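Dear colleague,

The structure we discussed is below. My notes on the core, the helices and the sheets follow it.

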Amino acid sequence: MSEFVETISRSEDGRFLELLIGPQHPASGHMRLVAEVDGDVVVSLRPNLGYVHRSVEKIAEVKKFLQIIPLVERPSLADTTANNLAYVLALERLLGVEPPPRAQYLRTLLAEINRIHSHFYGIGIHGVMIGSSTAFMWAFGDREPLIHLAQELTGARITYSYIIPGGVRRDMPPDFPDKVEKVLRYIERRLEDYDKLYVRNPVVRARLEGVGVLKKEDAIRLGITGPNLRASGVPYDVRKADPYCAYPDIDFNVITREEGDAMARFLVRVGEIRESMKIIRQVLKKMPDGPIFAEKYYKMLPPNLKKYYEETKEVKFPGIFANLRAPAGESVARVEGGRGEVVIYIVSKGGMNPYRFRIVTPSFRNAVLFEHLVRNVRVADIPAIYGSLDYFPPEADR
Amino acid sequence: MAVERVFDHLRAIATGAKYLFLKPRLTLMYPDEVEDLPRGYRGMITYNHETCISCSLCAMVCPADAIKMYLPKEVPEGEKRPKRYPGINYTRCIFCGFCVSICPTFSLQHSTIHDVSFYTFEEQIFRPEEFAKGPPKPQYDKEPVKVRVIPDEERGLRYERV
């Protein structure tokens with residue numbers, strides 16, 4: 001509190017004005033931005049976080065291991081698979097379970113479907129922030145076919161809870177690859193429309209090009225991850241740097257751009273949508289046959305549940321899952337989510353709950369970017385920069 | 001350069017205008033049209049009291065404490081340790097389906113019902129007796145048209161009458 005009073009008194013010569021943006025919107029979401037302005041120029045901007053803090057880490061300490069799966073999905077609703085996957089990878093390292101290859105591919109499939117619709121979400125929000133409501137409507141509409149695909153695969157639209165220790169919860173339906181191919185062709189065609197309406201639109205380019213430039217050195221120094229880092233010319237992607245699931249077998253490129261401005265961050269996302277489509281096609285082509293649930297847990301199922309699993313390819317949990325105990329130790333896993341690197345760290349003392357649980361979300365790392373990028377820019381550039389970061393307050397506050 | 005920009009403007013407007021003449025594409029006209037959800041959709045939960053063995057795994061695995069084990073309202077004479085049965089609180093349920101996945105006797109199953117509203121908090125708590133009667137039916141003003149959602153190359157999603 002005292003800090004705020006100080007700021008106001010420092011500008012008592014009357015030159016600077018303190019401007020509060022949010023938390024009740026101008027596209028700020030659940031966050032307040034305190035901007036100090038000199039006329040139309042922002043001198044400094046301090047993001048005030050924590051409006052949607054939900055104490056995920058502390059709640060996790062009183063939840064059982066399986067119950068944490070839906071919990072870690074909650075902070076970032078547009079990108080639930082990344083959190084789900086990172087948590088389960090960390091837990092599997094503790095438990096010493098290796099999922100079968102088909103499960104690895106199904107995980108990759110869902111992660112990429114999720115990445116595309118997460119990027120559409122970011123593009124849509126960015127569009128409406130700079131005043132292009134068509135881009136917003138289009139992007140949110142075009143998320144829908146992908147959400148429908150994910151729903152066919154998992155049974156839920158957003159909070160999939162699909163990835164469990166030892167595998168995934170169900171196999172894909174037999175006609176799923178055809179449906180995916182149709183949706184991918186649709187998205188391909190639509191991306192051309194986006195290109196005409198949005199990417200090459202002179203209004204959009206005037207708003208985004210050269211705005212909020214993040215230099216390569218600064219991006220590394222500030223610990224930025226994900227598309228925001230790659231837009232500054234650093235080819236770092238966890239899928240390549242520390243491969244997990246089926247990514248070692250998949251051929252894809254890391255999209256980078258050199259400019260580091262808002263437009264580059266936007267174009268990296270568009271490029272990643274194209275790469276994700278490439279990955280999905282490869283995953284469907286290379287998908288091996290076989291079980292989707294680890295042998296270790298399959299053996300614990302009673303005969304009638306084994307039979308059900310063989311017939312329907314829907315995993316029934318063994319009773320041990322209700323009170324899963326992880327051996328004492330610690331483990332860490334990282335995953336490339338739609339917005340950047342998700343890191344999950346678990347300390348177990350051998351009980352039914354983690355002793356300590358840590359989740360590092362990409363949005364939290366990107367929060368420092370506001371302060372860094374919004375300096376000596378126009379007030380109207382704040383939403384243009386904000387949107388280009390694909391920042392999601394609940395994910396940062398956790 | 002300037003000429004190019006004029007063309008870019010025109011191209012953007014033309015692209016938007018192209019979609020003026022197409023019918024609404026992705027919007028499902030809910031509640032006049034309702035999606036015919038496939039098997040495996042994680043909707044409200046049905047409970048079969050006959051096959052339940054009172055193992056309480058569902059209550060143990062529930063991440064939101066929505067499922068609790070209830071004692072029967074009237075305990076039969078001479079029963080020292082009456083069995084407990086699950087009831088559900090839909091104010092807490094997050095539809096993760098862990099209870100359905102862990103139920104060893106298939107007593108808990110997903111229905112495709114998801115669009116139900118309640119007037120009070122208490123109505124959403126289903127004790128085992130009410131839970132066994134199944135989830136409430138959604139109330140529509142008039143009988144909705146059931147449509148199947150089909151991914152489509154041209155339109156993204158297409159809705160076909162069932």
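How many residues has the largest nonpolar core, and which of them have the most contacts inside it? The core has 135 residues, and those with the most contacts within it are A:Ala86, B:Cys58, B:Val61, B:Cys99 and B:Ile102. The largest share of this core, 13 residues, is supplied by helix H5 (residues 101-129) of chain A. A nonpolar core here is a set of buried Ala, Val, Leu, Ile, Met, Phe, Trp, Tyr and Cys residues joined through C-beta atoms within 7 Å. A residue is buried if 20 or more other C-beta atoms lie within 10 Å of its own, exposed if 12 or fewer, and partly exposed in between, with C-beta atoms placed from the backbone.

On provenance, this is a predicted model, in which local features need pLDDT of at least 70 and side-chain atom pairs count only at pLDDT 80 or more, while totals for chains, interfaces and linings use all residues. Residues are numbered from 1 along each chain as its sequence is written, and chains are lettered from A and ligands numbered from 1 in the order in which they are written.

Leaving aside neighbours within four places in sequence, A:Ala86 is in contact (C-beta atoms, placed from the backbone, within 7 Å) with A:Ala333, A:Arg334, A:Val335, A:Val342, A:Val343 and A:Ile344.

Helix pairs in chain A

Helices (H or I, at least four residues) and strands (E, at least two) are DSSP runs, numbered from the N terminus. Axes are lines fitted to C-alpha atoms, for helices over the stretch in contact, and angles run from 0 to 180 degrees between N-to-C directions.

H5(A) packs against helix H12 (residues 262-286) of chain A at an angle of about 160 degrees, and their axes are 9 Å apart. The two are therefore roughly antiparallel to each other (angles under 35 degrees count as roughly parallel, over 145 as roughly antiparallel, 65 to 115 as roughly perpendicular and the rest as oblique). Residues of H5(A) that meet H12(A) include A:Tyr105, A:Leu109, A:Ile116 and A:Ile123; on the H12(A) side, A:Phe266, A:Ile273 and A:Ile280 are among them.

For helix H6 (residues 133-154) of chain A and helix H7 (residues 176-199) of chain A, the axes come within 11 Å and cross at roughly 170 degrees. H6(A) and H7(A) are therefore roughly antiparallel to each other. The H6(A) residues that meet H7(A) include A:Ala135, A:Leu146 and A:Leu149, and A:Val180, A:Val183 and A:Tyr198 are among those in H7(A).

A:Ala135 has 22 C-beta neighbours inside 10 Å and so counts as buried. Not counting residues up to four places away in sequence, A:Ala135 touches A:Ile123, A:Gly124, A:Gly127 and A:Tyr198.

Sheets in chain B

Two strands are taken to pair if DSSP finds at least two bridges between them. One open sheet of three strands has the order E1-E7-E8 (chain B), with mixed pairing. Its edge strands are E1 (33-35) and E8 (156-161) of chain B, each pairing on one side only. Neighbouring strands of this sheet are turned by 45 degrees against each other on average, direction ignored.

E1(B) and E7(B) pair in the parallel sense over three bridges, with B:Glu35 opposite B:Val147 in E7(B). Strand E7 (residues 145-152) of chain B pairs with E8(B) in the antiparallel sense over six bridges. B:Val147 also stands opposite B:Arg161 in E8(B), and B:Ile150 has B:Arg158 as its bridge partner there. A hairpin of three residues joins E7(B) to E8(B).

Both helices of the second pair pack on this sheet. H6(A) touches E7 and E8 of chain B, and its direction makes about 65 degrees with that of E8(B). H7(A) lies across E7 and E8 of chain B, running at about 70 degrees to E7(B).

The other open sheet of three strands has the order E3-E4-E6 (chain B), with antiparallel pairing. Strands E3 (67-70) and E6 (125-126) of chain B stand at the edges, each with a single partner strand, so one side of each is left without a neighbour in the sheet. Four bridges join E3(B) to strand E4 (residues 85-89) of chain B, among them B:Lys68 with B:Gly87. E4(B) and E6(B) pair over two bridges, and B:Ile88 stands opposite B:Phe126 in E6(B). Four of the five residues of E4(B) are buried, so E4(B) is largely enclosed by the rest of the structure.

Regards

Methods. Two residues are in contact if their C-beta atoms, placed from the backbone, lie within 7 Å.
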